[in-house]
Amino acid sequence: MSFGVEGKNGGSLGTRRAIEVLVVEDRPRPRAALRQLLAEHMPIDRLADADDLERTLQISTEFKPSVALVNYQLRKDSAISIAKAVQRESPATDILFISMPESWIALVTAIQSGVKGFVLESDPLDWIIDAVKALRSGYGYFSPPIALMFAKAYSTTTQSPRITN
């Protein structure tokens with residue numbers, strides 16, 4: 001199914017071309033659930049998973065995934081550090097965070113680190129599939145609750161949100 005809208009990568013939303021996906025999740029059950037969801041609803045060429053920064057770097061270097069789904073609230077490693085490392089090792093990999101950021105500042109930091117999408121664990125599962133398709137087609141994807149959180153925070157500030165290091 002295609003919506004007839006082409007992305008920067010020449011694909012269109014809803015294309016059925018196979019992709020390579022990396023799932024970064026340190027909890028076994030959610031990791032298995034994400035793998036199953038992707039395998040059942042998308043044409044996956046290769047699917048790998050990692051539970052920490054070291055394994056993520058190894059896979060990113062060797063595997064060069066099209067999309068990496070990263071749990072924002074990893075227990076051991078920072079999701080921001082993982083996103084930056086993946087972008088360094090595999091610049092063509094699009095990053096999708098899954099979970100809930102603490103604040104809109106966390107969302108801005110994620111975007112600045114190269115993340116192209118963000119969905120909540122509580123969002124409908126279809127939105128994860130939609131997000132992966134959007135990223136693979138060259139678009140960003142922020143689920144409606146995330147977009148609303150950012151819009152509310154942005155509309156209450158007197159300046160453009162800026163994060164300084």
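**View 1. Lys-76, an exposed residue in a loop.** At 64% relative accessibility, Lys-76 counts as exposed, a term used for residues over 50% relative accessible area, whereas buried means under 20% and partly exposed covers what lies in between (1.4 Å probe, protein chains only). Lys-76 lies in the loop between strand β3 (67–71) and helix α3 (79–89), where helices (H or I, at least four residues) and strands (E, at least two) are DSSP runs numbered from the N terminus. Leaving aside neighbours within four places in sequence, Lys-76 is in contact with Asp-26 and Asp-52, contact meaning heavy atoms within 4.5 Å. The C-alpha atoms of Lys-76 and Asp-51 are separated by 8.8 Å, although these residues stand 25 residues apart along the chain. The model is predicted, so that local features need pLDDT of at least 70 and side-chain atom pairs count only at pLDDT 80 or more, while totals for chains, interfaces and linings use all residues. Residues are numbered from 1 along each chain as its sequence is written, and side-chain values use heavy atoms, with hydrogens and water left out.

View 2. Six strands form an open sheet in the order β2-β1-β3-β4-β5-β6, with parallel pairing; two strands pair if DSSP finds at least two bridges between them. Because β2 (44–50) and β6 (141–142) stand at the edges with a single partner strand each, one side of each is left without a neighbour in the sheet. Strand β1 (residues 19–24) pairs with β3 in the parallel sense over four bridges, and Val-24 stands opposite Val-70 in β3.

**View 3. Helices α4 and α5 on the sheet.** Helix α4 (residues 104–112) packs on the sheet and touches β4 (94–98), β5 (115–119) and β6, its direction making about 145° with that of β5. Helix α5 (residues 125–136) also packs on the sheet, touching β1, β3, β4, β5 and β6, and its direction makes about 160° with that of β4. Axes are lines fitted to C-alpha atoms, for helices over the stretch in contact, and angles run from 0 to 180 degrees between N-to-C directions.

**View 4. The aromatic pair of Phe-97 and Phe-118.** Rings of Phe, Tyr and Trp (its six-membered ring) pair if their centres lie within 6.5 Å, with planes under 30 degrees apart counted as stacked, over 60 as edge-to-face and the rest as tilted; by this rule the count comes to three aromatic pairs. Phe-97 and Phe-118 form an edge-to-face pair, 5.6 Å centre to centre and with 90° between the planes. This pair links distant parts of the chain, with Phe-97 in strand β4 and Phe-118 in strand β5, 21 residues apart. Phe-97 is buried, with a relative accessible area of 0%, and Phe-118 counts as buried at 0% relative accessibility. Tyr-72, Phe-97 and Phe-118 form one aromatic cluster.
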